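Colleague: I am new to this structure. Please show it to me, and then let me ask a few things.

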Amino acid sequence: MKIIDLNKENKELIEQAATILYESFKDISEAWSTMELALGEVYESIGEDRISRIAVNDDKVVLGWIGGKSMYNGNVWELHPLVVKREFRGQGIGKDLVNDLEEKVRERGGLTIWVGADDENNSTSLSNTNLYENLYEKIVNIRNLKRHPFEFYQKMGFIIVGVMPDANGIGKPDIYMAKKVRK
């Protein structure tokens, strides 16, 4: 496996990345509920203030895709999105993609990477609760109920830096996580 830039010239790799995004999120989020939306997301990820990287095998099959978006004059980058083809999950591809993105962000002078880990499906103990009371206590005691990705990001060194209550509807928060990439 190797990690390479995704560029507009390679339509086949773009199509594969969009298919992975669509297949992975079609049943859990409205964001990429159609192939058209997924393709739009992939094309949008390819730009001057963006990083768009794919993990491919020797046969040029896309195994995973990660995007990064510059914010705050390049000091902070949003990790958006990260997706690994279902049959290749649990093999370290997501970890490799995040590490690669961190290196690319460092090369561009970035200081921090952040990610919004939406809880649209009651996957954590932060869903369906009043986050306007005792928020700090709820964050400290967060529990993973349905394989929510916040634990993956914690293993990668990210910490919870905030929560946006009701970001995805009543009782469906977005969990903000960040990691320093400059030592």
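Some questions on helix packing and nonpolar cores follow.

Modeller: Keep in mind that this is a predicted model.

Colleague: How are α1 and α2 oriented to each other?

Modeller: Helix α1 covers residues 11-25 and helix α2 covers residues 35-44. Their axes lie 8 Å apart, at an angle of about 125°. Angles of 65 to 115 degrees would be roughly perpendicular, and those over 145 roughly antiparallel. The two helices are therefore oblique.

Colleague: Which handedness does the crossing of α1 and α2 have, and which class of residue is counted at 10 in their contact?

Modeller: The crossing is right-handed. From α1, residues including I14, L21 and Y22 meet α2 residues, among them M35, L39 and V42. By class, the contact has three charged residues and one polar, and the 10 are nonpolar.

Colleague: Which element gives the most to the largest nonpolar core?

Modeller: That core has 30 residues. The residues with the most contacts inside it are L79, I113, F158 and M177. Strands β2, β3, β4, β5, β6 and β7 each supply at least two of its residues, as do α3 and α5. With five residues, the top contributor is α3.

Colleague: Which residues does M177 contact, leaving aside its neighbours within four places in sequence?

Modeller: Contact here means heavy atoms within 4.5 Å. M177 touches F150, Y153 and Q154, among others.

Conventions: Residues are numbered from 1 along each chain as its sequence is written. This is a predicted model: local features need pLDDT of at least 70, side-chain atom pairs count only at pLDDT 80 or more; totals for chains, interfaces and linings use all residues. Side-chain values use heavy atoms; hydrogens and water are left out. Axes are lines fitted to C-alpha atoms, for helices over the stretch in contact, and angles run from 0 to 180 degrees between N-to-C directions. Helices (H or I, at least four residues) and strands (E, at least two) are DSSP runs, numbered from the N terminus. Angles under 35 degrees count as roughly parallel, over 145 as roughly antiparallel, 65 to 115 as roughly perpendicular and the rest as oblique. A crossing is left-handed if the near helix is turned anticlockwise from the far one by less than a right angle, and right-handed if clockwise. Ala, Val, Leu, Ile, Met, Phe, Trp, Tyr, Cys and Pro count as nonpolar, Asp, Glu, Lys and Arg as charged, and the others, Gly among them, as polar. A nonpolar core is a set of buried Ala, Val, Leu, Ile, Met, Phe, Trp, Tyr and Cys residues joined through side-chain atoms within 4.5 Å. Buried means under 20% relative accessible area, exposed over 50%, partly exposed in between (1.4 Å probe, protein chains only).
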